[in-house]
Amino acid sequence: MADDTIHAAGCVLWRRSPVDSALEICLVHRPKYDDWSHPKGKLKRGEGFLTGALREVEEETGYDAVPGAVLPTLRYIVGERPKEVRYWAAEAAAGRFVPNDEVDRVLWLSPTAARHRLTQPRDRDLVDALLNALRPA
């Protein structure tokens, strides 16, 4: 049987607040679905997961990202096909958001606010995974 899994990748994008250095997480709003999520998207043919994740972050948020820890992979069904989305923690570097057809808004939120704003419950566990990854050893 052929593997019909949809392969995608993304990042839990974070930064230190320019105001008080508190941790902030970037969420994107997709008008097509009217949802809030972490930046992610389908891989292009032959593209690696991390390369795809960083490309999607840049396309959806306008920010370059410095990848960090590997976060949990999410698996779920879309239509009747399995989907696998691999995630990384990634610190925001240079960039600026410009609204586009795919993403019309971004928010930088505290971890608690991000957890509440995320549309899909499965995305909330990624906030906790990020916090664990950023904790000093």
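Helices (H or I, at least four residues) and strands (E, at least two) are DSSP runs, numbered from the N terminus. The model is predicted, so that local features need pLDDT of at least 70 and side-chain atom pairs count only at pLDDT 80 or more, whereas totals for chains, interfaces and linings use all residues. Residues are numbered from 1 along each chain as its sequence is written.

**Exercise 1.** Determine which elements and which kinds of residue line the largest pocket.

*Solution.* Start with the elements: β3 (35-37), β4, α1, β5, β6 and α3 (121-134) each supply at least two residues of the lining. Then classify the lining residues, which comprise seven nonpolar, four polar and 12 charged ones, where Asp, Glu, Lys and Arg count as charged, Ala, Val, Leu, Ile, Met, Phe, Trp, Tyr, Cys and Pro as nonpolar, and the others, Gly among them, as polar.

**Exercise 2.** Describe how β6 pairs with β1 and with β5.

*Solution.* Two strands pair if DSSP finds at least two bridges between them. With β1, β6 pairs in the parallel sense over nine bridges, and C11 has W88 in β6 as its bridge partner.

How values were computed:
Side-chain values use heavy atoms; hydrogens and water are left out.
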